[in-house]
Amino acid sequence: MAIKTLIIGACGQIGTELTLALREKHGNENVIASDIREGSESLMSSGPFETLDATNYKGIEDIVMHYEIDEVYLMAAMLSATAEKFPMRGWNLNMDSLFNVLNLAKDKKISKLFWPSSIAVFGPSTPKFDTPQTTVMEPTTVYGISKQTGERWCEYYHNKYGVDVRSIRYPGLISYKTLPGGGTTDYAVEIYHEALKEGKYTSFLSEDTALPMMFMDDAIRATISLMETEADNLSIRSSYNLGGISFTPKELAASIQKEIPEFTIDYAPDFRQPIADSWPSSIDDSQAQKDWNWKHEYDINKMTKTMLDGLRD
């Protein structure tokens with residue numbers, strides 16, 4: 001029997017590429033995409049789509065029962081920069097959607113659940129370099145607070161009700177296939193668009209702000225790999241640290257200048273700078289390496305070449 005999968009928030013930056021990757025792996029008809037609005041042509045034309053509000057429990061339950069869904073990926077969220085502008089809306093979306101799917105799993109209506117956490121769970125008191133799996137967490141953003149709270153609830157539902165929930169603390173994610181969705185790491189996507197269009201970019205983070213980042217192909221591979229790992233091998237039911245590459249805007253600009261020598265960058269830090277300052281500069285993901293053999297494939301220059309080639313096409 002084929003696994004039937006529902007992706008909630010399928011039209012976002014991660015959801016779009018995750019949906020297409022899972023459809024390629026499991027068959028288009030076995031992966032149901034859903035979101036509050038329609039997505040890209042490639043996503044909409046490749047398989048089933050349902051319009052769905054992630055905060056509507058009955059709506060999710062109806063789709064789960066109709067398609068006989070086994071696994072749910074909850075990718076809907078309000079990201080860091082946007083949630084700072086709309087704190088209660090961010091909190092309600094991020095938490096209500098999580099409880100909806102946790103309760104479906106508790107009631108045995110689905111067998112497995114993926115929910116993404118983020119480096120936003122960390123705060124200014126967290127060790128900045130090689131941030132450990134288990135450490136001080138004092139997030140300063142609505143997004144970070146909701147993700148830290150969500151981690152605790154995921155672990156609770158696993159321990160109390162046996163819910164098979166799996167999670168990754170994503171670093172900043174970089175892709176040419178979808179536009180950024182209101183995150184603090186989005187400069188690292190915008191910069192490529194502007195490099196090709198204008199030959200210059202003004203970064204909203206300072207030149208020496210190092211943050212953990214990852215090319216989207218690595219993130220999708222990590223997500224699917226975690227979901228395919230035997231449950232007994234998993235020691236973390238809150239959320240796994242996931243590291244890729246760490247760099248600053250200045251280092252990213254230098255990587256682009258290897259491909260586009262005339263490219264220039266300026267810096268005008270805005271309200272996102274204090275958010276970035278509260279996050280780690282690099283991540284220790286040795287637990288993910290140990291439990292499910294995680295290893296990233298893209299370094300900064302391979303990523304830059306792939307981004308520019310992809311955007312040119």
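Biologist: Does Pro139 count as buried or exposed, and at what relative accessibility?
Modeller: This is a predicted model, and the answer is computed from it. Pro139 is found in the loop between E6 and H6. Buried means under 20% relative accessible area. Pro139 falls under that cut-off and therefore counts as buried, at 13%.

Biologist: Which residues does Pro139 touch, not counting those up to four places away in sequence?
Modeller: One of them is Gly123, which is 16 residues apart from Pro139 in sequence and 4.3 Å apart in space, C-alpha to C-alpha. The contacts of Pro139 are Ala120, Val121, Phe122, Gly123, Gly144, Ile145 and Gln148.

Biologist: Which residue in E5 is the bridge partner of Tyr73?
Modeller: Strand E4 (residues 71-74) points Glu71 and Tyr73 one way and Val72 and Leu74 the other way, and all are buried. E4 runs parallel to strand E1 (residues 5-8), with four bridges, and Ile8 stands opposite Leu74. Three bridges join E4 to strand E5 (residues 112-114), also in parallel. In E5, the partner of Tyr73 is Phe114.

Biologist: Which element gives the most residues to the largest nonpolar core?
Modeller: That core has 39 residues, and those with the most contacts inside it include Ile174, Tyr187, Phe263 and Met303. Among the elements that give two or more residues are H6, helix H7 (187-197), helix H9 (249-259) and helix H12 (300-312). The most, six residues, come from H7.

Biologist: Which residues is Met303 in contact with, leaving aside its neighbours within four places in sequence?
Modeller: Met303 is listed among the residues with the most contacts inside the largest core. Its contacts beyond those neighbours are Ile174, Tyr192, Phe215, Ile245, Phe247, Leu252 and Tyr298.

Biologist: Which residues form a nonpolar patch on the surface?
Modeller: One member, Tyr156, lies in helix H6 (residues 142-161). Tyr156 counts as partly exposed, at 37% relative accessibility. The patch has about 280 Å² of accessible area together, and its residues are Trp153, Tyr156 and Tyr161.

Biologist: How far apart are Asp62 and Lys58 in their salt bridge, N to O?
Modeller: Being four residues apart in helix H3 (residues 57-67), the two are separated by about one helical turn. Asp62 is partly exposed at 39% relative accessibility, and Lys58 is partly exposed at 48%. Their side chains meet with an N to O distance of 2.8 Å.

Biologist: Which residue does Asp309 form a salt bridge with?
Modeller: Asp309 is partly exposed, at 31% relative accessibility. The closest N and O atoms are 3.1 Å apart, and the partner is Lys305.

Biologist: Which residues do salt bridges that share partners join into one network?
Modeller: The structure holds 15 salt bridges. Those that share partners make one network of Asp164, Arg166 and Arg237.

Technical notes: Residues numbered from 1 in each chain as written. Predicted model: local features only at pLDDT ≥ 70, side-chain atom pairs only at ≥ 80, totals over all residues. Heavy atoms only, no water. Patch = residues over 30% accessible without salt bridge, like charges linked within 9 Å, V, L, I, M, F, W, Y side chains within 5 Å. Areas by Shrake-Rupley, 256 points an atom, 1.4 Å probe, with all protein chains shown as cover. Salt bridge = Lys/Arg side-chain N within 4 Å of Asp/Glu carboxyl O. Buried < 20%, exposed > 50% of the residue type's maximum accessible area, 1.4 Å probe, protein only. Core = buried A, V, L, I, M, F, W, Y, C linked by side-chain atoms within 4.5 Å. Contact = heavy atoms within 4.5 Å. Pairing = 2+ DSSP bridges.
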